[in-house]
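Please have a look at the model first, and then walk through the points below.

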Amino acid sequence: SGEVHIRFWLAFEWVGIIFLPPALQHFSDALLATTGRPSRGRRRGVVLGSYVISLVFFVFLLLGSLLGPLSLEGEMYPHPTLTTLSGLFGFYYLFSAVLSSVGIWRAYRRTKLRVSRRRITYLLVGIVFLAIGAYPYMQFGTAFAQRLSSLFIGLVIFGNMGIFLCLMLMAYAVAFFGVPWPDRIVRSRLLKWVFRGPITVFFMLFLITLTYQLNEFIGASYTVAIPIVSVVSVMLAEHLITLVFPLIDRILLQRGGDDHYQLLQSLSERLITTADLQQFLEAILAGVCDQFQVSTGFVAAVVESRWDILIHTGNVEDLEFNGVGKEIFEEDISDDRTHVFAWGEFWLYPLYSDDESLIGLLGVLRRLIGLLGVLRREDHVLDEGLLQTLDVFGDRAAMALEDRLLQRQVLSSLEELGPKVELMQRLRAAFRFDQNEVLRDLEEFAPQKEFSVLVKDALSHYWGGPKLTESPLLNLRIVQDSLKDYDGVPANALRAILKNALEQIKPEGDRKYTPEWIMYNILEMKFVEGRKVREVAKRLAVSEADLYRKQRIAIEAVAESILEMEMRARDL
């Protein structure tokens with residue numbers, strides 16, 4: 001039974017050895033193609049032939065003809081003996097290794113940049129070492145291994161470590177080919193994976209082996225100690241990586257970066273999410289209501305030139321702010337006096353911004369960014385204490401809304417910058433390695449996310465508006481091909497395409513308000529029926545934040561459907 005298991009695993013090891021030659025050939029051909037030397041048929045034929053030959057050897061392996069009987073000489077080194085077929089495979093293996101190395105050398109000679117040559121050198125060294133270190137030389141005799149056992153074990157360990165390092169070196173070099181990320185991001189992610197993967201495993205195995213030896217030395221049982229050491233070693237390694245990696249990242253990987261890198265890296269920790277803002281405003285509103293001894297209040301903000309209630313308590317959902325007096329907008333706020341206005345059943349405390357960059361962005365006058373409202377009781381008198389309370393809480397609410405608006409400006413700029421930066425990174429990668437990619441039309445580099453934005457804009461003006469009538473989507477072939485069906489009106493043709501894409505994400509059967517219908521219902525109710533966000537969220541029983549997340553997913557699904565229709569039209 002033991003011999004059967006040994007033979008199985010030795011044969012299983014040969015599966016990788018058999019398919020290594022065609023993998024090397026395929027890799028060499030792909031590397032030459034990226035440097036502007038695509039195959040004219042011969043290299044592709046060699047790669048295909050190599051796969052066929054390896055497949056034939058694999059069949060012989062399954063039939064048991066490739067490997068000879070198992071040799072158990074010197075029990076430490078069991079190995080299958082040499083046969084005629086395995087000898088032929090050895091010549092085929094050597095020929096493929098040499099041929100793939102020549103191909104990589106040709107790719108090296110075709111590159112001109114120093115950084116490209118350095119990385120192709122990594123690939124060439126890795127291929128050579130991998131080919132040399134992976135072949136099972138024990139088939140040709142064990143005299144050396146038996147006579148110099150310690151040296152043989154050392155060479156095996158060195159060879160395995162060398163193969164691992166060469167694979168890492170090749171992964172490092174290949175990771176830069178054609179990716180749209182900066183070099184520092186590639187290096188950082190690869191190094192982090194090495195620390196959290198192989199190095200953590202090696203550390204754990206080292207401690208397990210050390211624990212086993214210590215328990216054997218003192219004669220104690222290691223049954224309990226090994227699991228504890230395994231868990232502690234992994235947790236300790238992960239904790240050390242978390243502490244040390246930022247320092248390594250800053251010293252080794254981010255050299256030459258400017259001071260803004262650290263700020264951008266910590267941007268996610270500084271952002272105020274919708275949930276964070278609601279929690280902060282909720283605490284402010286609770287404090288105001290407690291001071292006024294009422295249970296109804298709200299905080300409203302200016303969103304796209306309209307009022308939106310961000311947080312409230314009590315029944316205020318049906319409030320309309322069209323009747324808010326002009327005195328709020330026209331009030332002179334140059335002095336330090338408190339501004340409180342009676343409006344219906346509420347006291348209104350206007351929230352102003354002192355940031356000049358926000359003027360004009362909001363579409364309102366006098367820097368007004370929000371309102372803090374609290375129920376007005378008939379027996380209430382606004383004494384000095386209540387006015388001071390409103391001043392304190394109002395200033396904090398205004399600060400939160402101002403930060404939110406500034407953050408929206410930053411995120412909007414990042415969204416506009418994102419596609420251009422991605423295009424620049426992809427072109428940078430293409431210029432470095434792939435001359436064929438450089439010659440592609442820039443429009444082909446456009447990311448799908450940008451297409452989703454165009455679809456969202458067109459849906460927002462579904463029944464008419466410049467985002468529909470002037471949309472770049474009008475240039476799609478499916479729109480142009482359907483013009484004759486809509487009297488030559490591009491907007492009507494695009495509206496029909498959008499409707500068709502909406503129908504493709506619609507579940508089968510009659511319309512329902514169940515979870516599987518939610519994406520279709522969101523788009524249909526908001527864009528086609530023109531309902532307000534609050535009304536849609538209430539009808540579908542979801543929060544506004546959740547509605548926006550699902551809306552984004554639904555729009556991406558519609559964009560994907562339109563892209564599929566466009567690709568089918570172009571194929572025709």
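Lys112 sits in the loop between α3 and α4 (114-134), where helices are DSSP runs of H or I with at least four residues, numbered from the N terminus. With a relative accessibility of 69%, Lys112 counts as exposed (exposed is over 50% relative accessible area, buried under 20%, partly exposed in between, with a 1.4 Å probe and protein chains only). This is a predicted model, in which local features need pLDDT of at least 70 and side-chain atom pairs count only at pLDDT 80 or more, while totals for chains, interfaces and linings use all residues. Residues are numbered from 1 along each chain as its sequence is written, and side-chain values use heavy atoms, with hydrogens and water left out.

**Salt bridges**

- The whole structure holds 7 salt bridges (a side-chain nitrogen of Lys or Arg within 4 Å of a carboxyl oxygen of Asp or Glu).
- One of them pairs Arg43 with Asp29, with 2.7 Å between the closest N and O atoms. Arg43 belongs to helix α2 (residues 42-63) and Asp29 to helix α1 (residues 2-34), so this pair links distant parts of the chain, 14 residues apart. Both Arg43 and Asp29 are buried.
- Another joins Glu238 and Arg196 at 2.4 Å, N to O. Because Glu238 is in helix α8 (residues 225-253) and Arg196 in helix α7 (residues 183-218), the pair ties together parts 42 residues apart in sequence. Glu238 is partly exposed at 24% relative accessibility, and Arg196 is partly exposed at 36%.
- Lys499 and Glu503 meet in a salt bridge of 3.6 Å, N to O. Both lie in helix α18, 4 residues apart, or about one turn of the helix. Shared partners join Lys499, Glu503, Lys506 and Glu524 into one network of salt bridges.

**Around Arg511**

- Arg511 is in the loop between α18 (490-504) and α19 (518-528), and its 32% relative accessibility makes it partly exposed.
- Leaving aside residues up to four places away in sequence, Arg511 touches Trp517, Asn521, Glu524, Met525 and Glu529 (contact means heavy atoms within 4.5 Å).

Note on methods:
Helices (H or I, at least four residues) and strands (E, at least two) are DSSP runs, numbered from the N terminus.
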